[in-house]
Amino acid sequence: MDGLRDLVAACREGKAPYQSLVDRVPYANFLGIEITARGEELTFVLPRRDTNLGNPTLPALHGGAVAGFMEQAAIIFLLLEMGEPRVPKTIDFTMDYLRAGLFRDTFAECRVTRLGRRVANVHISAWQVRRAEPIAIARAHFLLSEETAEA
């Protein structure tokens, strides 16, 4: 698996774990992002780590760590959803923080709302206890490069 294309294809075919793709992304690796699959549904996990702590008094997650987690989840999800992996570049990322993210594991799921030739739109929802009670939601718009990724 020399390039990203081979790794994405191996993940999609079940020949490589999804986590191997996450581990290739430096910022996702720094945050400690994990990915789990149940059937064809992917759930991203931001584990409870001291480096993601924002307010030790509450204690609560850092808002930037939550936003970074959600953006990275969307990018990785797009790589897996596209037939031909192209590196998505963020055009716009809008966050709505709905409640405090407590210092515990946080989960996210992504849904592609539009996947065109040049632009993709993704909705991301993050929760901690119940999926129906998100701590944050986001909408992301990505530019899909013309060249395929070989990184």
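A nonpolar core is defined as a set of buried Ala, Val, Leu, Ile, Met, Phe, Trp, Tyr and Cys residues joined through side-chain atoms within 4.5 Å, where buried denotes under 20% relative accessible area, exposed over 50%, and partly exposed the range in between (1.4 Å probe, protein chains only). The structure is a predicted model, in which local features require pLDDT of at least 70 and side-chain atom pairs are counted only at pLDDT 80 or more, whereas totals for chains, interfaces and linings use all residues. Residues are numbered from 1 along each chain as its sequence is written, and side-chain values use heavy atoms, with hydrogens and water left out.

The largest nonpolar core comprises 45 residues, and those with the most contacts inside it are Leu-21, Phe-44, Phe-69, Met-70, Ile-76, Leu-80 and Ile-124. At least two residues of this core are supplied by each of helix 1 (4-12), helix 2 (18-22), helix 3 (26-31), strand 2 (41-46), helix 4, strand 6 (106-115), strand 7 (119-127) and strand 8 (134-144). The greatest contribution to this core, 13 residues, is that of helix 4. Helices (H or I, at least four residues) and strands (E, at least two) are DSSP runs, numbered from the N terminus.

For Phe-44, the partners are Ile-33, Glu-34, Ile-35, Phe-69, Ala-73, Ile-76, Phe-77, Thr-106, Phe-107, Ala-108 and Cys-110. Val-45 is located in strand 2 and is buried, at 7% relative accessibility. Beyond four places in sequence, Val-45 is in contact with Gly-32, Ile-33, Glu-34, Phe-69, Thr-106 and Phe-107. The C-alpha atoms of Val-45 and Glu-109 are 9.2 Å apart, the two residues being 64 residues apart in sequence. Ser-125, in strand 7, is likewise buried, with a relative accessible area of 8%.

The peptide bond from Leu-58 to Pro-59 is cis, with omega near -15 degrees. In general, most peptide bonds are trans. Pro-59 lies in the loop between strand 3 (53-55) and strand 4 (60-61) and is partly exposed, at 33% relative accessibility. Leu-53, Leu-102 and Phe-103 are touched by Pro-59, residues up to four places away in sequence again being left out. Pro-59 and Phe-103 are 44 residues apart in sequence, with a C-alpha to C-alpha distance of 5.7 Å.

With a disulfide defined as a pair of cysteine sulfur atoms within 2.5 Å, the count is zero. The sulfur of Cys-11 has its closest cysteine sulfur in Cys-110, 15 Å away, and therefore too far for a bond. Both residues are buried: Cys-11 has a relative accessibility of 1%, and Cys-110 one of 11%.

The largest pocket holds about 170 Å³ of space. A pocket is an open set of points on a 1 Å grid over the protein atoms alone, where a 1.4 Å probe fits, with protein on both sides within 12 Å along at least five of seven lines; lining residues have an atom within 4 Å of a point. Grid points are joined across faces, edges and corners, and the volume is the space filled by probe spheres set on the points. The lining consists of Arg-12, Tyr-18, Gly-39, Glu-40, Leu-42, Phe-77, Leu-80 and Glu-81. Helix 4 (residues 63-81) provides the largest share of this lining, three residues. By class, the lining contains four nonpolar, one polar and three charged residues, with Ala, Val, Leu, Ile, Met, Phe, Trp, Tyr, Cys and Pro taken as nonpolar, Asp, Glu, Lys and Arg as charged, and the others, Gly among them, as polar.

Terms used:
Contact means heavy atoms within 4.5 Å.
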